[in-house]
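Please open the structure in a viewer and keep the selection tool at hand. The tour below moves from stop to stop.

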Amino acid sequence: MTSQKSYIDTFEMILLLFIVRIFAVLTFSAKGGAVNGLDEMLVLLGTFAVSFLLIIPLYFLIKLYPGKDIVDCTAVGLGQPAAKVTAALLWLFCIYTAASTSSTFEFFITTAVYPKNSHWIILITFLAACLYASTRGIEPIARVGIYIFFASMLSYFFILLALAPQVRLSNFTPLLSSSTKVLGDSVFYSMGLRVDTILFLMLIPQVKGRLTRAYVKVGVLALVVFELLTFITVGSLGNYLSTQIFPYYSAASVAEVSFFQRLDSLHMAIWVLVSFIRASLFLLVGSSCLNKLLPLRLHKFSPWITTGATLVLSLIISHNVRILYATINFWVTVVPVMVLGTVLPVVLVIIGAVRKHKEASQCAS
């Protein structure tokens, strides 16, 4: 990482977290395709509602521990040993998320775009670029992210524009055609999409502005965009969409406009850039977590160690179909996201509130 700390504003934070969320929805389908049509839109709404409730602890965490990331908050609330454990768990989570991103990207490239390309060359090249970006710091990544955000919005606008005339109500399954259990499971599994929460908790010291308001805006923006994409793509492609591994790329492949002929090339470019930003951010945050575990003289090696571990795990994931499909559907991240992104903040908020109350009582006496 760069020796000089860099900062971003809340607008850039919103765009970066939204880009991270975009990648998830590009490959995610509710309950592995068992939920579709209007029920899939209902799952997205339910996910947003639950996510909004889970933001509440983050609001109090920021007020009780101003200017501190989640590891430093843990050090204050639970002590240094607990902070070391938290940093180690976060590092492992960042490695896994960066590896799942790179392996999913490699699978997309070698499956949908260039089937004959070498798997390991793509992974090494991709992660080398991400390593370089992560060593530059958050500020350059955020600047690039602004352009990627608007380019992705342009891509989705053309997809919606091209597919809107083909929407047929007959392509939608009736609302609540799936069982309550399936819908509930889908909302639960979709919590695994909230990996951006971990980035948010680690980037708090590097963001200037009102953080919780920014995170709420990310959720609202994601809900609107994904609901529109789901409605148009399901309405125009019907059951065909639920059979695709990369549903929105499939939608781009059949969407035609006179301006571009076919949109899959544009969508492919967006996919590459979104994957790049997502993996770079997790390498950056992963290196920051490792710095909290290593002595200062070894901090310069943190990006290399983090990227090397990511490469090894990426190769393992990309060569095991079962693991790969699990990472594509994000259910394996549900527990770590909930524990690190919700349970731990709740515990720290309770400890911080009790401590603040005791200090106020001592001052009063």
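This is a predicted model: local features need pLDDT of at least 70, side-chain atom pairs count only at pLDDT 80 or more; totals for chains, interfaces and linings use all residues.

Is Asp 72 buried, partly exposed or exposed? Asp 72 is partly exposed, with a relative accessible area of 30%; here buried means under 20% relative accessible area, exposed over 50%, and partly exposed in between, for a 1.4 Å probe and protein chains only.

Residues are numbered from 1 along each chain as its sequence is written, and side-chain values use heavy atoms, with hydrogens and water left out.

**First stop: helix H3**

Select residues 70–78, which form helix H3; helices are DSSP runs (H or I, at least four residues), numbered from the N terminus. The buried residues of H3 are Ile 70, Val 71, Cys 73, Thr 74, Ala 75 and Gly 77. After H3 comes Gly 79, with a positive phi near 100 degrees.

**Second stop: from H3 to Lys 292**

Next, select Asp 72 together with Lys 292. These two residues form a salt bridge, with the closest N and O atoms 3.4 Å apart; the term denotes a side-chain nitrogen of Lys or Arg within 4 Å of a carboxyl oxygen of Asp or Glu. Lys 292 lies in the loop between helix H12 (264–291) and helix H13 (302–318), whereas Asp 72 belongs to helix H3, so the pair ties together parts that are 220 residues apart in sequence. Lys 292 is partly exposed, at 23% relative accessibility.

The structure holds four salt bridges. Another of them joins Asp 196 to Arg 21, the closest N and O atoms being 2.7 Å apart. Because Asp 196 lies in helix H8 (residues 196–203) and Arg 21 in helix H1 (residues 10–27), this pair links parts 175 residues apart in sequence. Asp 196 is buried, at 0% relative accessibility, and Arg 21 is also buried, with a relative accessible area of 11%.

**Last stop: helix H6**

Finally, select Arg 143 and Glu 139, whose side chains meet in a salt bridge (3.8 Å, N to O). The two residues are four apart in helix H6 (residues 138–163), a separation of about one helical turn. Arg 143 is partly exposed, with a relative accessible area of 44%, as is Glu 139, at 33% relative accessibility.
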